[in-house]
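Morning, everyone. Please look at the model on the screen while I talk.

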Amino acid sequence: MESSLRKKIEEMKDWLVEVRRAIHMQPELGFEEIETSRLVSEWLERFGLHVKRGLAKTGVVGLLDGKEQSRTVAIRADMDALPIDEANSVPYASRVKGKMHACGHDAHVAILLGVAKFFSSMRDRVKGNIKWIFQPAEEGGGGGRVMVEEGVLENPKVDAIFGAHVFPFLPVGKVGIYEREGLAATDRFTIKIIGKGGHAATPHVSKDPILATGHLITQIHSIVSRNVNPLESAVVTIGKVSGGTAYNIIPDEVELLGTVRSLNSQVRETLKLRIEQVVQGIVQSYNMDYRFEFEYGYPVLINDLEMSKLVASACGNGIGNENVEILKPSMGGEDFAYYLEKVPGSFFRLGCRNEEKGIVHPYHSSLFDIDEEVLPFGVEIFIRIIDQYLGLRIV
């Protein structure tokens, strides 16, 4: 079946590229994926799957009922683009100003549609159920959380779930696996330092929040090095500082926006507590006031170890163990974490880098692109995982 599987997938390669490029040219932001959702629904219906639309506004679910009702396995793709102007000079470049698929979600959608096309052609050999989840708003909108809240893991109840993301740091043809922790919790904070404005020539009658902010920034960046176990991982980054209107005016306030990343709940809470304690200490020493807001973002993405072993085994058997790499966790975030809080599963990477073609740019770059060989490759990987999980022995 090995050669016939590859042959069947190779036959759909041109179609996969066409689908991916159609989505790439018409990018849509989170919770606005109307045309993408329509495209997905139409293909799933053509494949004869049960289709449900409207979850999390634009989400789509496809279901293949197997001939024997045993376990249900789900696979997921995200559909949203980013607010970026594309700089690539390619025929399929974005045609929407200010929007671009700069993270590969167009590829994810095409790959999952390819998996649907494959299994719909041999549904009589499927024991159990396969559920396809196409979600909106992964890029900060938490579409995965909304999908879970609206019951995407029920009716039928999902027993295992798998998701993948193209990865520009691995060459095409390789798979990267996180055994347990994969991506970090992605929280954000806002700090407002409240002083007393005045003339720059008379600082002694003011309370200078810029001076306090300078000390605060230094202190905050000592938290990871002095309050987090060196064997744990954490990041604190201040990404925006706003304050002041002119060179000779001491402002009333300065605002800082930042993010904290962590791989377990204890470190997560330590970061939150220590940031506010440092703020309190600084403003007290300068006789000022403050406001502190901490917003929890995506949780830590934690794979089920047995499911990760299944992915490694399925990939190794199909593409060779030399093409399977165990990855260290990333401090980026992924709302696939919400699914994994409810259901055992695994999130992994599909290499899409090709230096000979100049496909080397990172996520969220205006020059991001993929080697489209990852499309049939991704289809094969998902087929092998589903086959092994359901015990189909199709491949």
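S120 counts as buried, because its relative accessibility is 16% and buried means under 20% relative accessible area, with a 1.4 Å probe and protein chains only. S120 belongs to helix α4, residues 105-120; helices are DSSP runs of H or I, at least four residues, strands are runs of E, at least two, and both are numbered from the N terminus.

A word on the source. This is a predicted model: local features need pLDDT of at least 70, side-chain atom pairs count only at pLDDT 80 or more, and totals for chains, interfaces and linings use all residues. Residues are numbered from 1 along each chain as its sequence is written, and side-chain values use heavy atoms, with hydrogens and water left out.

What does S120 touch, leaving aside its neighbours within four places in sequence? F47 and L64 are in contact with S120, contact being heavy atoms within 4.5 Å.

Now F47. The ring centres of W15 and F47 are 6.0 Å apart and the planes stand at 70 degrees, so this pair is edge-to-face. Rings of Phe, Tyr and Trp (its six-membered ring) pair if their centres lie within 6.5 Å; planes under 30 degrees apart are stacked, over 60 edge-to-face, the rest tilted. W15 lies in helix α2 (13-25) and F47 in the loop between α3 (34-46) and β1, so the pair ties together parts 32 residues apart in sequence. Both W15 and F47 are buried.

The charged end of K117 sits over the ring of W15, 4.3 Å from its centre. The cut-offs: NZ of Lys or CZ of Arg within 6 Å of the ring centre and within 35 degrees of the ring normal.

Terms used:
Buried means under 20% relative accessible area, exposed over 50%, partly exposed in between (1.4 Å probe, protein chains only).
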